[in-house]
Amino acid sequence: MFSYHFDWAIITSGQYFEWILSGVKVTLQLSVVSVALSFILGLLIAVMRMSNVKPILWFSHAYLEFFRNTPLLVQIFFWYFGSYKILPMVVNDWLNTMNFEFAAAVIALTIYTSAFIAEDIRSGVRSIPKEQMEAARSSGFSYLRSMYYIILPQAVRLTIPPLINQFLNLIKNSSLAMTIGVAELTYQARQVESYTFKGFEAFTAATLVYLGLSLIITWLVTLYSKYILNPMGVR
Amino acid sequence: MKRIGILFLAMMFVAGLGGVAQAGDTLADIKAKGVLVCGVKDSTPGFGYIDEATREIVGYDVDFCRAIAKKMGVKVELKSVTSATRIPQLIAGNVDLAACTMTKNADRAKQIDFSYTYFFTGQKFITKKGTVKKLADLEGKKIGTAKGSTSEQNAKKALPTATIQSFDDYAPAFLALQQGKVFAITTDESILANILYTAPDKTKYEIPNIQISNEPYGLGMRKGDTNLVNFVNTTLLEMEKKGDAKNIFNKWFGPKGKAFPINRGNFKIDGKKESWEK
């Protein structure tokens, strides 16, 4: 008598389907931009973290500890609301005319994820025998060039499995962007729920999309490491 | 892929559990148990919130629950719900009556049954003073609101070119207005009145006299629970006739009310149906 009526049609066609679809699009945009930026930033921080110059070392250390050990939600609020008090009014007014909530979410996700990526890359680098660095340096490569040409290409290959984890985490973490009104997938799923009370259907759709995205990425990276990084099949 | 299939089935199963059918006559059950379980908000000032002195949930919604329970001759048990959980809690049988600032609408009426309208408000805006004279002034602007409500839907309809940005709650939405990130915030006047009432710099803001929707609040009950619905409706009409309903309104929202002032206008609990209910 008081049963819940499943109505899968609402999320497979029509207005609510379009909402979910637009949510998927925003989640993808957020993820792709943040994955690219956080990888670059992570590499940079990892190299700084292994530097011999003290101030650079301290800075990167502080960066890692700070951003790894504070909640992402707080960081998102910090970049979105907290920046208002620090920035000059002219900048604030300009930001407010832009899509600032998206930018703030990208900044927060990038910085947060880059700290984890930096640590993963550093552990990859540490697993490369130090003789390689010594050999590179004695062949006349500078520190940065040895890193760039000799060490990092090997380290990044080793780091790929943990990096996938970070990227998968990033995709799922991007759902927190809804707290500042970025209309990504979870935001739209919740919106569908509050319009129709069809929460099970809406969140099942969102779950399947997240699951699908993660599986596709895992699969692509597996292919990449199997055929591109290691075409001879050497283990 | 097989494993994914199993995972999917497991998910469906869990989802299915949430909707387990529950037959019976809730009114009779309530009388037999001697307890009416009410789902109320616990952080919505005026309607359902925790009183600092007694540490109990009090408010307009709570008083209606108490009045209905009294009429049944049973005790009342209050359970906190949120906008997101109120319908699932009701359907799962964890609460018998949802009294939680819930707007009646056609989509929701497919899931649950509503009582007569027991509170009437409308959707308005808070803006910086003097920036908005008419609805058209809001076109093309960014407008903030909170999720889990019907406010976004109404705003989209009334202002097709505006961008609606939903926050987790009204506090960040108002913060966004203060920082100029949104041009206005919109939701039911009953909620806006409280935001403005508690804002530290309230003189800078106003609620222009622009109403974009009617928001009739109804008490929620499980679908097909006719005996309970009839009982609640009869009680509501009686409360209006005796003046109890108006007294409860004034207790919270009157000029000297405990919460914040709202104008009751011509509202009366009269059992008039909404256009989509007919």
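At 10% relative accessibility, Thr101(B) counts as buried, where buried means under 20% relative accessible area, exposed over 50% and partly exposed in between, with a 1.4 Å probe and protein chains only. The model is predicted: local features need pLDDT of at least 70, side-chain atom pairs count only at pLDDT 80 or more, and totals for chains, interfaces and linings use all residues. Residues are numbered from 1 along each chain as its sequence is written, chains are lettered from A and ligands numbered from 1 in the order in which they are written, and side-chain values use heavy atoms, with hydrogens and water left out.

**Chain A overall**

- Chain A contains ten helices and zero strands; helices (H or I, at least four residues) and strands (E, at least two) are DSSP runs, numbered from the N terminus.
- The order of elements along the sequence of chain A is α-α-α-α-α-α-α-α-α-α.
- The C-alpha trace of chain A spans about 80 × 55 × 30 Å along its principal axes.
- Chain A has 235 residues, of which 47% count as buried.
- Contact means heavy atoms within 4.5 Å; among contacts in chain A between residues at least 6 apart in sequence, 76% join residues at least 24 apart.
- Chain A carries 16 positive and 12 negative side chains, and the centres of the two sets are 13 Å apart.
- In this charge count, Lys and Arg are positive and Asp and Glu negative, while His and the chain ends are not counted; the place of a charge is NZ of Lys, CZ of Arg, CG of Asp or CD of Glu.

**Ala206(A) in helix α10**

- Ala206(A) belongs to helix α10 (residues 199–228) of chain A and, at 4% relative accessibility, counts as buried.
- Not counting residues up to four places away in sequence, Ala206(A) touches Leu185(A) and Ala189(A).
- The C-alpha atoms of Ala206(A) and Ile20(A) are separated by 7.6 Å, although these residues are 186 residues apart along the chain.

- Glu152(B) is located in helix α6 (residues 151–158) of chain B and counts as buried because its relative accessibility is 3%.
- The side chains of Glu152(B) and Ser166(B) make a polar contact (2.8 Å); a polar contact is a pair of N or O atoms within 3.5 Å, and within protein one must be able to donate a hydrogen and the other to accept it, while residues adjacent in sequence count only if both atoms are side-chain atoms.
- Leaving aside neighbours within four places in sequence, Glu152(B) is in contact with Tyr187(A), Gln191(A) and Tyr195(A) of chain A, and with Thr145(B), Ile164(B) and Ser166(B) of chain B.
- Strand β9 (residues 163–167) of chain B is mostly covered, with four of its five residues buried.
- Strand β8 (residues 142–146) of chain B runs parallel to β9(B) and is joined to it by five bridges; two strands pair if DSSP finds at least two bridges between them.
- Gly144(B) has Gln165(B) as its bridge partner in β9(B).

**Open sheet β2-β3-β4 of chain B**

- Three strands of chain B form an open sheet in the order β2-β3-β4, with antiparallel pairing.
- β2 (43–44) and β4 of chain B stand at the edges with a single partner strand each, so one side of each is left without a neighbour in the sheet.
- Two bridges pair β3(B) and β4(B) in the antiparallel sense, and Ile50(B) stands opposite Ile57(B) in β4(B).

- Most residues other than glycine have a negative phi.
- Arg55(B), which is not a glycine, has a positive phi of about 60°.
- Arg55(B) is in the loop between β3 (48–50) and β4 (57–58) of chain B, and counts as exposed at 71% relative accessibility.
- Thr101(B), also other than glycine, has a positive phi near 45° and is placed in the loop between β6 (97–99) and α5 (106–109) of chain B.

**Asp96(B)**

- Asp96(B) lies in the loop between α4 (86–91) and β6 of chain B and counts as buried at 4% relative accessibility.
- A polar contact (3.3 Å) links the side chain of Asp96(B) with the side chain of Arg222(B).
- Not counting residues up to four places away in sequence, Asp96(B) touches residues including Thr26(B), Lys33(B), Leu90(B), Arg222(B) and Leu228(B).
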